[in-house]
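Trainee: Could you show me how to read cores and salt bridges in a model?
Mentor: Gladly; here is the model.

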Amino acid sequence: MSSSTSINADGVSEPFAAESVPLEAFSQGERFGTSFRHLSNFAGGDHVGVALEELAPGKESNPSHYHMLEEEHAYILEGALTLRLGARAYVMKAGDYVCFPAGQKVGHSLFNHTNEPCRYLIIGERDSNDVIVYPDSGRVSVRLTGEGYRKAATMDYWEGIDTTAAGTATPTARPQE
């Protein structure tokens with residue numbers, strides 16, 4: 001087993017201590033930030049994502065969002081936090097669990113309202129075709145293209161299409177040879 005993966009010389013994923021996985025961190029401004037260990041990546045997994053995350057006091061995990069094709073799960077291991085689920089808020093503590101089914105059009109985010117760090121597991125699918133909607137900003141992220149769009153820039157199906165009868169255009173005469 002190498003220090004960057006749990007895969008042994010025979011290509012087999014072996015058990016490992018979660019604390020041996022490299023710690024990564026993310027932050028954006030004063031509001032957002034978390035530290036995490038990508039357990040599934042370390043184990044060689046690519047269909048299901050599993051991360052051990054720690055949310056510092058006063059931080060939010062990410063902007064409120066929902067997935068059209070991916071299901072997510074959160075299980076609180078230590079501490080407490082506030083789950084923001086649409087217009088509602090729920091205090092979650094160690095032992096609490098929540099599922100965000102794919103296509104559930106209600107944004108979710110996690111906020112640590114306490115003075116202590118909160119540790120939890122995030123488990124989710126890894127669909128390369130997923131579309132993620134951010135209700136607060138109106139952003140729509142298309143994972144397949146790696147691009148984001150404004151939801152307000154939607155178009156009607158027929159917008160911009162000439163719907164006049166086919167074959168009504170006058171053909172151009174062929175030049176003589």
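This is a predicted model: local features need pLDDT of at least 70, side-chain atom pairs count only at pLDDT 80 or more; totals for chains, interfaces and linings use all residues.

Mentor: Numbering starts from 1 along each chain as its sequence is written, and side-chain values use heavy atoms, leaving out hydrogens and water.

Trainee: Which residues touch the most other members of the largest nonpolar core?

Mentor: In soluble globular proteins, nonpolar side chains tend to be buried together. A nonpolar core is a set of buried Ala, Val, Leu, Ile, Met, Phe, Trp, Tyr and Cys residues joined through side-chain atoms within 4.5 Å. Buried means under 20% relative accessible area, exposed over 50%, partly exposed in between (1.4 Å probe, protein chains only). Here the largest core has 13 residues; Ile76, Leu81, Leu83, Met92, Val98, Leu110 and Tyr120 touch the most other members.

Trainee: How many salt bridges are there?

Mentor: Side chains of opposite charge can pair when their charged atoms come close. The rule: a side-chain nitrogen of Lys or Arg within 4 Å of a carboxyl oxygen of Asp or Glu. The count is seven.

Trainee: Is glutamate 60 buried or exposed?

Mentor: Glutamate 60 is buried, at 2% relative accessibility. Its side chain meets that of arginine 31 in a salt bridge (2.8 Å, N to O). Glutamate 60 also forms a salt bridge with arginine 84 (3.2 Å, N to O). Arginine 31 is partly exposed at 45%, and arginine 84 is partly exposed at 31%.
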